[in-house]
Amino acid sequence: MREVLSILKQKKIQFFFLFYILLLVPILCPLAENFTFLDKVAVFLVCGLFFAAIWVISLFISSKSEKIVYSVMLAISIIPGSIYLAYLLFAHVMMEQNSVTSLFETNPEESKEFVAHYLSLWVIAGVVAYAAVPIVMICSMKSFKRLRVRNNKVLFVLSVAVILCIVGIERVSRSVYFVNFYRTYISYKIRTNYEVKTIKERQNVDYKVESIRPDSVPLTLVVVIGESLNKHHMSLYGYQRETNPLLKKLGDSLVVYKDLVAPQVHTIPVMRSLMSMSELSHPSYFTQKPSLYELFNRAGYDTYLISNQEFSEEYKSSYDILLTLAKKKYNVAPFKQHDDIVLPVMEKIFKNPENNGKNRLILIHLIGNHMAYEFRYPKEYIVFNHKKDNLVPDAPYRDEKAKKTIDKFDNSVLYNDYIINSIINTLKSLQGQDAVMVYFSDHGEELYDYREFAGHAYEKVSPTMSEVPFMVWMSPSYRETRQDLIFNPELPYSTEDFIYSVSDLAGLKYKDYNDTRSLFSKKYELKRRYVGEKKYEDIKNKFEGK
Ligand SMILES: [Zn+2]
């Protein structure tokens, strides 16, 4: 015991180093608004135990090896540590599993903008200081006399066992931020490789998809997926600013659904969900059952993707495997243009005589109203100014900067109105075709609605992040031929089940089709709606007290 105490005295700096690397995050976890008291206690206990075990092991290694081990520890913990601490200090949340996964798949463009939005000199200075402190500590570590394993076998074995248990048991490892970070990375890689392989293979297996539509008139079905649109900033949904002047003119020919929610509040999980049959209780359906393009390919449709969001045939995001199944792909994101770049592509498809007379599905993925709102529209759309129109109500959490951000967001909503209207106009000009367009946003966006916060993050999930605008435009000839469908804008729905609704629009029938899940079916049944793993009603009650 005396031997241990004397080593402890010599190793003060080492003690503080481990404390800094392993316990800073748990000590700050009381700041996390998304964690319950028990969650926080669990994090603290697991990290405390991990710290103690590593400290004991450190008594058995030589000064020189210790410096190497600590340098490696520093190198692997600094990036996850900075991210976790930034979340805790700036957003007052502890990162949840979903967000950790999305760190590895979010496309570089999106992360750059996210960083640009939150980055300040203070943040950079903070990260530099955070990394500098332990480097200085490692340099000042003094040599010491180590313990012999043979004299302290029990202590050594026990500590190794504790470390192995914490790293090895998934539920437990989640409490140690950097272990969780790398474990998540590995399981993400294994999962996506499996998905790519399985989904490619299933394309060669028989699966019957039939269409109940008469094939005399071809159908053009356009699905437009927007980005981060807060429907309460659309005049179509009663917003005080005129942000939908063009769509409003369409009157009854545009069905505007009032009560739709998204299955998550981040692009990737939403895209994975709405393009496949996977659901909260059955995530494995992602690979086991056919996805959107597969169904339409099998039904003989020409299938297109026009994407103004980063998309890669090398599967950089875990929904790319679903998008690559489109027969023709137009990736316009690298041009870094506003969303009007999709319009000429669409017109080109329609003008090509080879494409005439065929059923087709065109999926358009817009950059929409994504964060860094001022980059989403050309300068002619700089229209709204709260100082002139006084239409941004005062609130304690809305300062001048917040109001300016709202002005910018509203400009982007006005521009989105132009884009959707232009897509509909192009469809109106089609001759001898039935046409349908569905537009919805992947998820919503919070804009200083309840607190000093703009953006979307599952840890801070709120009603305006979860609710989405959803609208359907149909050519009169299409409406005429599909009297079997209903278009009731009052029906509540989650886009988690979108694949059944879009199948219904095309009249596709297949083994896994379920008409109680289609918004347009007379047999539709409302089921409980979840956003991530939280009930939508609970989120609404928490923020709006209803
Ligand atoms: Zn999104």
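Visitor: What makes E227, T267, D442 and H443 donors of the zinc ion?
Guide: A donor is an N, O or S atom within 2.8 Å of the metal (3.2 Å for Na, K and Ca), and since water is not among the atoms, sites may look incomplete. The zinc ion is coordinated by E227 (OE), E227 (OE), T267 (OG1), D442 (OD) and H443 (NE2) at 2.0 to 2.7 Å, so these atoms meet the cut-off. Along the sequence their spacing reads E-x39-T-x174-D-H. This is a predicted model, where local features need pLDDT of at least 70 and side-chain atom pairs count only at pLDDT 80 or more, while totals for chains, interfaces and linings use all residues. Residues are numbered from 1 along each chain as its sequence is written, and side-chain values use heavy atoms, with hydrogens and water left out.

Visitor: How do you know whether D442 is buried or exposed?
Guide: Buried means under 20% relative accessible area, exposed over 50%, and partly exposed in between, with a 1.4 Å probe and protein chains only. D442 has 0% relative accessibility, and therefore counts as buried; H443, also at 0%, counts as buried too.
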